[in-house]
Each structure stands twice: as structure tokens, then as C-alpha cells.
Amino acid sequence: MYRIAVLASGRGSNLRAVLEAIQRGDIAASLVGVFSDKPACGALALAREAGVRTVALSPRNYPSRDAFDESLFNEIATVQPDLIVLAGYMRIIGENSVRKFEDRMINLHPSLLPAYPGLDTYARALADGAGEHGSSVHRVIPALDAGPVLAQVRVPVLPGDDAESLAQRTQAREHPLLVACLQALASGRMRLGLGLPNYDARPIMAPLQLTARNELEWAP
Ligand code: GRF
């Protein structure tokens with residue numbers, strides 16, 4: 001069985017979507033651990049409730065970013081994940097740790113990358129008068145929010161939107177995006193590696209797009 005580890009810092013709505021999809025049998029994988037830098041976060045509580053192994057470490061107990069990352073990723077290595085999913089993990093991971101898992105780590109980012117890496121993507125898109133926004137799943141490389149993008153979902157910006165309404169609309173579509181990517185990865189249809197990711201044995205040159213039926217299709 002394909003083994004997925006999740007890193008999260010927040011409320012865990014993406015984690016919940018993954019757990020439910022696994023329970024429904026929509027993702028042929030097992031969730032082998034949830035890891036966090038925020039011992040009190042909602043994602044950990046959710047994982048515990050679901051009987052998933054959890055590990056939380058506090059960065060303040062470590063002398064440096066590298067020391068923290070090394071401990072966290074040593075814990076992650078013990079569950080032997082085929083895939084590590086950063087689902088609302090809000091801490092930058094140092095280069096040494098990224099390199100060790102660079103062929104098997106993905107991140108969810110709430111923008112149509114390469115637009116708006118970093119924080120406050122909704123407010124920035126609104127301030128620019130963007131007509132659409134969305135969310136991306138990309139492979140993690142040492143540079144922030146910059147690895148090859150596997151797939152995206154697009155949402156319209158509507159008149160009267162504020163950052164909160166745009167966030168809600170985007171996150172509602174981000175969950176099926178993540179589930180579709182995990183289905184494809186667990187089944188072997190999508191493959192990561194150190195170069196361009198593949199889908200149906202073709203390199204993903206432009207991000208796959210999530211359809212209204214929650215299926216991935218090639219970009220036009
Ligand atoms: C999502 O919007 C994701 O794109 C961003 O953090 C948020 C995670 O929320 N990186 P949750 O903890 O999964 O609810």
C-alpha cells in the first residue's frame with residue numbers, strides 16, 4: 001500500500017479531505033503519520049481522532065532551523081513514506097531536509113503559481129484586480145513555492161470579494177484538487193522524480209487542470 005505522511009500546522013481541512021477520501025476508498029493509500037511544528041493545531045487533533053500516528057515538535061526547543069528540521073524529518077523517515085504532503089505546513093523547510101526527500105514531497109499553495117508565491121495570496125490577487133485565482137500542487141524544492149507544478153484548480157474572483165470570501169471559494173476547490181493528485185500518485189498514474197513529474201507517462205509541461213467533475217485533465 002502506498003504510504004502517505006502529512007505535515008500540517010493549521011486547522012487541517014485538507015487533512016480531513018484526505019482522511020475522508022481514504023476512508024471512502026477513493027485514494028488507495030494509507031496515512032502513516034501526521035507531523036507538525038504546532039503541538040496544539042487542529043490537524044493533529046483530527047489525526048489522533050482518526051487513530052493516525054502523530055508527532056509534534058516545537059521549533060523553540062531547537063537551536064536552529066536545521067536542527068529542528070533534522071529531528072522532524074528523522075521522525076518522518078521512520079514511517080517510510082512514499083509521499084510527504086505539506087498540507088498547510090506553514091514553516092520553511094531548510095535545504096538539507098528538502099534535498100533528502102526532494103523526489104517525494106509535494107506542497108499545496110493557494111495561488112496559480114508562479115503567481116503569488118509566499119503569504120497573503122488572496123489579498124495580493126485582489127489588490128492587483130486579478131480576474132481569477134486558485135490553488136496549486138507542486139513538488140517541493142529548496143526555493144519557496146517554486147518546484148514543478150503538478151496540477152491547479154482555478155476559481156473566479158467575483159465582484160465584492162474580500163480576502164476571506166476568496167479564500168473560502170479557493171479552499172473549497174483545493175480539497176478535491178489535493179485528493180485528485182493523491183489518487184493519481186497512489187495509483188501510479190502520476191509520478192514524481194527529480195525532473196519534471198509525469199502523468200500517464202507524459203511529462204507535465206504545464207500544470208494539469210482540475211475539471212468541475214474533479215478530474216485532472218491536460219492544460220489546453
Ligand atoms: C491552505 O489554504 C493551503 O493552500 C495553505 O494553507 C491552508 C491550509 O489549510 N498552504 P488547512 O490547515 O488544510 O485547513
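In this predicted model, an oxygen atom of the ligand is 2.9 Å from an N or O atom in the side chain of N14, a polar contact being a pair of N or O atoms within 3.5 Å. The model is predicted, so that local features need pLDDT of at least 70 and side-chain atom pairs count only at pLDDT 80 or more, while totals for chains, interfaces and linings use all residues. Residues are numbered from 1 along each chain as its sequence is written, and side-chain values use heavy atoms, with hydrogens and water left out.

| Protein group | Ligand atom | Distance |
|---|---|---|
| N14, side-chain N or O atom | oxygen | 2.9 Å |
| G12, backbone N or O atom | oxygen | 2.9 Å |
| L108, polar backbone atom | nitrogen | 3.3 Å |

Taken alone, the ligand exposes 370 Å², of which the protein buries 89%; these accessible areas come from the Shrake-Rupley method with a 1.4 Å probe. The shell around the ligand consists of G10, R11, G12, S13, N14, G88, L108, P110, Q171 and E174, where a residue counts as near if one of its heavy atoms lies within 4 Å. By class, this shell divides into 2 nonpolar, 6 polar and 2 charged residues, with Ala, Val, Leu, Ile, Met, Phe, Trp, Tyr, Cys and Pro taken as nonpolar, Asp, Glu, Lys and Arg as charged, and the others, Gly among them, as polar.

The ligand sits in the largest pocket, in the sense that more than half of its atoms lie within 2 Å of the grid points of that pocket. A pocket is here an open set of points on a 1 Å grid over the protein atoms alone, where a 1.4 Å probe fits, with protein on both sides within 12 Å along at least five of seven lines; its lining residues have an atom within 4 Å of a point.

The volume of the largest pocket is about 830 Å³, taken as the space filled by probe spheres set on the points. Among its 34 lining residues, G88, Y89, M90, L108 and P110 are the closest to its centre. The lining comprises 17 nonpolar, 12 polar and 5 charged residues, and its largest share, 3 residues, comes from β5.

The second largest pocket has a volume of about 170 Å³, and the residues lining it include Y2, D82, R104 and R191.

Q80 has a positive phi near 50 degrees and belongs to the loop between α3 (65-78) and β4 (83-86).

Notes
Polar contact = N/O pair within 3.5 Å; in protein donor to acceptor, adjacent residues only side chain to side chain. Helix = DSSP H or I, 4+ residues; strand = E, 2+ residues; numbered from the N terminus.
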